[in-house]
Amino acid sequence: MRRLLRLSRIRMRRGVLWLWRQEGTPGQRARGLAAGVFCGCYPFFGLQIFLSVGVATLVRGNHLLAAAGTLVSNPLTYLPLYWFNYLVGCQLLGPGRCAINLAELNRSSLWSQGWDFTQRILLGSTVVGMVLAIASGWMAYRLFLRRGAHPVVSRSR
């Protein structure tokens with residue numbers, strides 16, 4: 001068991017170092033990560049990576065870090081993140097015609113609410129995504145500046 005934990009830690013460290021050494025200026029890398037975090041806040045399972053690469057292209061960010069940034073939503077964080085996004089949407093738009101009671105939550109109650117639920121979770125995802133993207137992009141930019149003053153440039157030109 002200890003060996004498995006040690007190997008997992010080594011692989012995790014290698015993965016983080018590999019992501020850390022991606023090409024681009026600190027700004028490009030931070031914009032890519034922020035684009036991924038922004039898109040990771042949306043409940044579009046299976047499309048988040050494609051959306052993040054598209055957003056990273058628009059903001060001239062690193063595509064691989066954008067894809068990695070979508071890991072802000074993962075099986076451990078899906079429910080709390082999207083529930084929080086929904087609550088933020090409810091705070092901004094009001095509870096709607098039929099407010100969701102957590103004790104009575106099931107798939108059919110979500111489908112019956114349709115547009116009320118959809119607009120609240122999408123608005124909440126946008127607001128939460130923007131806040132998290134700005135915060136993570138700023139922190140990543142500061143870390144990239146501090147840890148590596150010189151940009152990593154691609155050798156294939």
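Residues are numbered from 1 along each chain as its sequence is written, and side-chain values use heavy atoms, with hydrogens and water left out. Because the model is predicted, local features need pLDDT of at least 70 and side-chain atom pairs count only at pLDDT 80 or more, while totals for chains, interfaces and linings use all residues.

The protein has 7 helices and 0 strands. Helices here are DSSP runs of H or I with at least four residues, strands are runs of E with at least two, and both are numbered from the N terminus. Read from that end, the order is α-α-α-α-α-α-α. Of the 157 residues, 32% are buried; buried means under 20% relative accessible area, exposed means over 50%, and partly exposed lies in between, with a 1.4 Å probe and protein chains only. The exposed surface comes to about 10,900 Å², of which carbon and sulfur atoms supply 66%. Accessible areas come from the Shrake-Rupley method with a 1.4 Å probe, and for residues only the protein chains shown count as cover. A contact means heavy atoms within 4.5 Å. Among contacts between residues at least 6 apart in sequence, 74% join residues at least 24 apart.

The helix pairs come next. Helix α2 (residues 26-40) and helix α7 (residues 115-147) have axes that come within 8 Å and cross at roughly 155 degrees. The two helices are therefore roughly antiparallel to each other. On the α2 side the contact includes Pro26, Gly27, Leu33, Ala34 and Val37, and on the α7 side it includes Thr126, Gly129, Ser136, Gly137 and Phe144. The axes are lines fitted to C-alpha atoms, for helices over the stretch in contact, and the angles run from 0 to 180 degrees between N-to-C directions. Angles under 35 degrees count as roughly parallel, over 145 as roughly antiparallel, 65 to 115 as roughly perpendicular and the rest as oblique. The crossing of α2 and α7 is right-handed; a crossing is right-handed if the near helix is turned clockwise from the far one by less than a right angle, and left-handed if anticlockwise.

Ser136 is a residue of α7 and is buried, at 15% relative accessibility. Leaving out residues up to four places away in sequence, Ser136 touches Leu33, Ala34 and Val37. A polar atom of the Ser136 side chain lies 3.4 Å from the backbone oxygen of Ala133. Ser136 and Gly69 are 67 residues apart along the chain, and their C-alpha atoms are separated by 9.4 Å.

Helix α2 also pairs with α3, and here the axes come within 8 Å and cross at roughly 140 degrees. That angle makes α2 oblique to α3. The crossing of α2 and α3 is right-handed. In α2, Gly32, Ala35, Gly36, Cys39 and Gly40 meet Gln48, Leu51, Ser52, Val55 and Ala56 in α3.

Gln48, in helix α3, is buried at 8% relative accessibility. Its contacts beyond four places in sequence are with Cys39, Gly40, Tyr42, Thr70, Ser73 and Tyr82. With Tyr82 there is a polar contact of 3.1 Å between the side chains. A polar contact is a pair of N or O atoms within 3.5 Å; within protein, one must be able to donate a hydrogen and the other to accept it, and residues adjacent in sequence count only if both atoms are side-chain atoms.

Tyr82 leads on to another helix pair. The axes of helix α5 (residues 78-93) and α7 come within 7 Å and cross at roughly 105 degrees. α5 is therefore roughly perpendicular to α7. Among the residues that make this contact are Leu81, Tyr82 and Phe84 of α5, and Phe117, Gln119 and Arg120 of α7.

The loop between α3 (48-58) and α4 (63-69) contains Asn62. Asn62 is buried, with a relative accessible area of 9%. A polar atom of the Asn62 side chain lies 2.9 Å from the backbone nitrogen of Leu64. Not counting residues up to four places away in sequence, Asn62 touches Gln22, Glu23, Gln28, Arg29, Gly32 and Ala56. Arg60 also belongs to the loop between α3 and α4, but Arg60 is exposed, at 67% relative accessibility. Arg60 is not a glycine, yet has a positive phi of about 60 degrees.
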